[in-house]
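Here is my note on the model you sent. Please read the points in order, with the structure open beside them.

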Amino acid sequence: GENVEQHPSTLSVQEGDSAVIKCTYSDSASNYFPWYKQELGKGPQLIIDIRSNVGEKKDQRIAVTLNKTAKHFSLHITETQPEDSAVYFCAASESYNFNKFYFGSGTKLNVKP
Amino acid sequence: KAGVTQTPRYLIKTRGQQVTLSCSPISGHRSVSWYQQTPGQGLQFLFEYFSETQRNKGNFPGRFSGRQFSNSRSEMNVSTLELGDSALYLCASSLQTGGGEAFFGQGTRLTVV
């Protein structure tokens, strides 16, 4: 099955700086890559996603890049704010036939004011 | 538009008991997936239901089962509870099955004592 690895496990940045979280996947059949933000006591919230036919996608301060050849994708958050502090998960889905996501182990992002 | 609703939010059960968790997806969504989240194993896929049919199942023992009703609401059952079943159980709702955006509920925190 698919194996998704995520780095770093913790990330501390100063408010206003950028944050980058990286994930790799093993199954070349994976074609959909969402990113989730999970705050304490809440369920994961979808913040951005990318499909395998696209190399980059941006939504305001958040962007995701995908390198299919190298099988890795990254989340970029610019101008970080304290409210960006949370745990971020990357995921990969390998089929058009059903919704089964393989998640990375998570990155705890701490944005210091 | 209401989000994904999971009930109850918290449960405490004794080893050997069984438990049923409920998930109401976003209106119009027909796919419901279940995940187990633990500090040690992260987010792991349990199963997905689409139009009352189980489409895929993760690597969990047969004590874990589920079903989906005609209104797309889903239930998950765990029988003969073990201490290791203590986790946050998350339900994700999708419009369709296969490569689509999945929206999570807040989860049910199950504690087995």
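1. From the N terminus on, chain B runs β-β-β-β-β-β-β-β-β-β-β. That comes to 11 strands and zero helices. Keep in mind that this is a predicted model.

2. How compact is chain B for its length? Its radius of gyration is 13 Å, and the globule rule gives 13 Å for 113 residues, so chain B is as compact as a globular protein of that length. The C-alpha trace of chain B spans about 35 × 25 × 25 Å along its principal axes.

3. Buried residues make up 51% of the 113 in chain B; a residue is called buried when its relative accessible area is under 20%. The accessible surface of chain B is about 5200 Å², and carbon and sulfur atoms account for 47% of that surface.

4. Take the contacts in chain B between residues at least 6 apart in sequence: 54% of them join residues at least 24 apart.

5. Next, the largest pocket, which holds about 1000 Å³ of space. Which residues lie nearest its centre? They are Phe89(A), Gln37(B), Thr38(B), Gly42(B) and Leu43(B), out of 43 residues in the lining.

6. Strands S9 (86–93), S10 (101–103) and S11 (107–112) of chain A each give at least two residues, as do strands S4 (31–38) and S5 (42–50) of chain B.

7. By residue type, the lining of the largest pocket divides into 21 polar, 15 nonpolar and seven charged residues.

Key: Residues numbered from 1 in each chain as written. Chains lettered and ligands numbered in written order. Predicted model: local features only at pLDDT ≥ 70, side-chain atom pairs only at ≥ 80, totals over all residues. Heavy atoms only, no water. 1 Å grid on protein atoms, 1.4 Å probe; cavity = no way out; pocket = protein on both sides within 12 Å on 5 of 7 lines; lining within 4 Å. Points joined across faces, edges and corners; volume = space filled by probe spheres on them. Helix = DSSP H or I, 4+ residues; strand = E, 2+ residues; numbered from the N terminus. Nonpolar A, V, L, I, M, F, W, Y, C, P; charged D, E, K, R; others polar. Rg over C-alpha atoms; globule rule 2.2 N^0.38 Å. Buried < 20%, exposed > 50% of the residue type's maximum accessible area, 1.4 Å probe, protein only. Contact = heavy atoms within 4.5 Å. Areas by Shrake-Rupley, 256 points an atom, 1.4 Å probe, with all protein chains shown as cover.
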